[in-house]
Amino acid sequence: QRVVEVDTEALMKEYETKMDKSVGMLDDSLRTIRAGKATPQLLDSIKVNAYESQLKLEEVATISVSDATTLMVNVFDETVVDAVLKAVQTADLGFTASQNGQSVKVSIPPLTKDKRVQYVKLAKDYCEKTKVAVRNVRQAAMKKIKGLKSDLSEDVARGMEKDIEAMVKKMNGDIDSAFKNKESELSSV
């Protein structure tokens, strides 16, 4: 009879990390959906053509909130101001930008009812995709545990399966609350 040492703790940690990563990516995605208030994260997706490469906006400037509908992008190098202005204008985010010395002023228009509905739908899509990713990790975990059943005691295998189910339940709860938070954020502006 062969005895195989299975590091069940490391295995469980690996699956939990994979699920956490999916939920973390959801948080990043939800942050890009604007709720009408100006936040620096709204400009996260913007890339600037500067110094012969594509740079993130935060690599060439600092972004600050000047009021509820305006962001100020303070560019480090005045030779890049035009590139930053162009990047914001062509980013197709629906914002207007104007140059103000070595800064770019970004005006964020108020959200229309249609846009809010569209953004709630988008948030729901992101959440559903994340739930699918978590389910896929669950499936892989259950398959792995099933494959190890000959090397594990029945109690250990059942315990691992229960732990995986508990993880999935917790992650789905986190996903649902992230959606509810975003939904209320979008409807309360």
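I take contact to mean heavy atoms within 4.5 Å. With that set, I looked up how far along the chain the contacts reach. Among contacts in the protein between residues at least 6 apart in sequence, I find that 64% join residues at least 24 apart. I keep in mind that this is a predicted model.

**Elements.** I went through the secondary structure next. The protein has five helices and six strands. Reading from the N terminus, I get the order α-β-β-α-β-β-α-β-β-α-α.

**Overall form.** I checked the radius of gyration, and for the protein it is 23 Å. A compact globule of 189 residues would be near 16 Å. The C-alpha atoms fill a box of roughly 75 × 40 × 20 Å along the principal axes.

**Surface and charge.** I noted an accessible surface of about 11500 Å². Carbon and sulfur atoms account for 50% of that surface. I then looked up the charged side chains: 30 are positive and 30 are negative. The centres of these two sets lie 7 Å apart.

**Cores.** Of the 189 residues, 35% are buried. I asked which residues have the most contacts inside the largest nonpolar core. They are Met19 and Ile164, in a core of 31 residues. Helix 1 (8-31), helix 4 (113-148) and helix 5 (154-187) each supply at least two residues of this core. Helix 5 gives the largest share, 10 residues.

**Met19.** I listed its partners, leaving out residues up to four places away in sequence. Met19 touches Val134, Val137, Arg138, Met167, Val168 and Met171.

Methods. Residues are numbered from 1 along each chain as its sequence is written. This is a predicted model: local features need pLDDT of at least 70, side-chain atom pairs count only at pLDDT 80 or more; totals for chains, interfaces and linings use all residues. Side-chain values use heavy atoms; hydrogens and water are left out. Helices (H or I, at least four residues) and strands (E, at least two) are DSSP runs, numbered from the N terminus. The radius of gyration is taken over C-alpha atoms; the globule rule is 2.2 Å times the number of residues to the power 0.38. Buried means under 20% relative accessible area, exposed over 50%, partly exposed in between (1.4 Å probe, protein chains only). Accessible areas come from the Shrake-Rupley method with a 1.4 Å probe; for residues, only the protein chains shown count as cover. Lys and Arg count as positive and Asp and Glu as negative; His and the chain ends are not counted. The place of a charge is taken as NZ of Lys, CZ of Arg, CG of Asp or CD of Glu. A nonpolar core is a set of buried Ala, Val, Leu, Ile, Met, Phe, Trp, Tyr and Cys residues joined through side-chain atoms within 4.5 Å.
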